[in-house]
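Here is a short note for a colleague opening this structure for the first time. Please keep the sequence and the 3D view side by side while reading.

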Amino acid sequence: MSGEAKRSASVLACQPEGEGLPAHVAIIMDGNGRWAAQRGLPRLEGHRRGVEAIRRAVRAAGDLGIQYLTVYSFSAENWRRPAQEVSDLMGLLKRFVRHDLADLHRNNIRVRIIGERQGLSPDIGMLLDEAEQLTRSNTGLTLVIAFNYGGRQEIVQAMRELARQVKAGTLDPEAIDMETVERALDTQGIPDPDLVIRTSGEQRISNFLTWQTAYSEFVFIPDFWPDFDEATFRAALAEYRRRDRRFGGLSARTG
Ligand code: IPE
Ligand code: IPE
Ligand code: MG
C-alpha cells in the first residue's frame, strides 16, 4: 500500500462515517519560541518548523474530512514583539503563501484570511487577496488564516460597520440580532469552531475568535507547536468525541 493509501485506510478504520468529527477546528499554534529555546536554536527556527507543522495539520484535516481549519498565525498583540521577530513572521507568511498557494489550490482547498489588513505592508495585502481570489471556488477544506487578528478588534470593526448602516438609515437598531452581528464579522459564512486546540500547555484564549468560541470545546495540549503531527491531531479529536456538548440544554446522551 502506498503511504497515502495507508494513511487513508487508517483514517477510515478510526473514523467510522466521520462520526463525532468536528466540522470546524481552530488552532492556537503556540510554543515555537520555547521549542527553539529548548534546542538552543534561534526563535526563527521554531517559527520555520511551525510552518511545517501547519502543512501537516492542513494535510491531516483534509484526510480526516474536516471542513474548516482555522490557524492563529499572528495576533493583533504580536506587534509587541521585537521588530526583528515581527519581520521574520511577516517574511514566513509571505514565503508560505508564495510557496504553498499552488499546492493548496491543486488540493481544492479554499483559503480565507481573517484579521485586519490595514497596517500590513501592501505586498502582504496583495498576496492575501491573491490567495483568497485564486481559491474562492474550491470546494474542499476551507483553510482560515487568522493574521493580524484580534477577536475584540474584530467585534469593534463589526460594531463600526453596523453603526454606519444605522447612520445611513439602512439598518434599524431594533432589528439587530446575532445573525446581523455575525454577518459583520470577518468570519461571516464560516460556522463557529466546534473544537479549539491550543498547544504549548498555555490555557488561555489570547484574543482568538472571541465571539465565535462561545460554545466551543477546548483541548489543551502540552506539546509545542513544531511537534504537532497527525497523531496529536487524532488524540485531540478523540478527546473532543468524549465531550458532551449541551449548549445550555440537557445531555443528548443521558437525557
Ligand atoms: C507561536 O509561538 C507563534 C506566534 C505567536 C506567532 P510563540 O512565538 O508564541 O512561542 P512561545 O510561546 O514564545 O514559545
Ligand atoms: C497567541 O500566542 C497568538 C498566536 C498563536 C498567533 P501568543 O504566544 O502570542 O499568546 P500569549 O502572549 O502567550 O497569550
Ligand atoms: Mg506564545
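1. Start at Asp30. This is a predicted model. Leaving aside neighbours within four places in sequence, Asp30 is in contact with Arg198, Thr199, Ser200, Glu202, Phe224 and Trp225. Two of these partners return in the next point.

2. Look at the side chain of Asp30. It makes a polar contact with the side chain of Arg198, at 2.8 Å. The side chain of Asp30 also makes a polar contact with the side chain of Ser200, at 3.2 Å.

3. Where does Asp30 sit in the fold? Asp30 lies in the loop between β1 (24–28) and α2 (32–38). Is Asp30 buried or exposed? Its relative accessibility is 16%, so Asp30 counts as buried, the cut-off being under 20%.

4. Now the record. An unreviewed UniProt entry lists Asp30 and Asn78 under "active site". The two span 49 residues in sequence, yet no two of their C-alpha atoms are more than 12.1 Å apart, so they gather at one spot. Both Asp30 and Asn78 belong to the lining of the largest pocket.

5. Turn to Asn78. This residue is in the loop between β2 (68–75) and α4 (83–106). Asn78 has a relative accessible area of 16% and is buried. Asn78 is also among the residues that surround ligand 2.

6. A second annotation deserves a look. Under "binding site", the unreviewed UniProt entry lists Asp30 and Glu217. From this set, the lining of the largest pocket takes in Asp30.

7. Glu217 has its own setting. It is found in strand β6, residues 217–220. With a relative accessibility of 15%, Glu217 counts as buried. Which residues does Glu217 touch, not counting those up to four places away in sequence? They are Asp194, Leu195, Val196, Tyr240, Arg243 and Arg245.

8. Next, ligand 1. There are 13 residues around ligand 1, and Asp30, Gly33, Arg34, Arg43 and Arg81 come nearest. An N or O atom in the side chain of Asp30 is 2.8 Å from an oxygen atom of ligand 1. From Arg34, a backbone N or O atom lies 2.8 Å from an oxygen atom of ligand 1. Arg81 places a polar side-chain atom 2.7 Å from an oxygen atom of ligand 1. How much of ligand 1 does the protein bury? Taken alone, ligand 1 exposes 380 Å², and the protein buries 86% of that.

9. Then ligand 2. Its surroundings are Ile28, Met29, Asp30, Tyr72, Ser73, Phe74, Ser75, Asn78, Arg81, Arg198, Arg204 and Ser206. Ser206 has a polar side-chain atom 2.6 Å from an oxygen atom of ligand 2. For Arg204, an N or O atom of the side chain is 2.8 Å from an oxygen atom of ligand 2. For Arg198, the corresponding distance is 3.3 Å. On its own, ligand 2 has 390 Å² of accessible area, and the protein covers 78% of it.

10. Arg198 has a side-chain atom 3.3 Å from an oxygen atom of ligand 2, and its side chain makes the polar contact with Asp30.

11. Glu132 is buried, with a relative accessible area of 18%. Not counting residues up to four places away in sequence, Glu132 touches Val111, Arg112, Ile113 and Arg117. With which side chain does the side chain of Glu132 make a polar contact? The partner is Arg117, at 2.9 Å.

Terms used. Residues numbered from 1 in each chain as written. Chains lettered and ligands numbered in written order. Predicted model: local features only at pLDDT ≥ 70, side-chain atom pairs only at ≥ 80, totals over all residues. Heavy atoms only, no water. UniProt positions renumbered as here; feature names shortened; annotations may be inferred. 1 Å grid on protein atoms, 1.4 Å probe; cavity = no way out; pocket = protein on both sides within 12 Å on 5 of 7 lines; lining within 4 Å. Helix = DSSP H or I, 4+ residues; strand = E, 2+ residues; numbered from the N terminus. Buried < 20%, exposed > 50% of the residue type's maximum accessible area, 1.4 Å probe, protein only. Contact = heavy atoms within 4.5 Å. Polar contact = N/O pair within 3.5 Å; in protein donor to acceptor, adjacent residues only side chain to side chain. Near = heavy atom within 4 Å. Areas by Shrake-Rupley, 256 points an atom, 1.4 Å probe, with all protein chains shown as cover.
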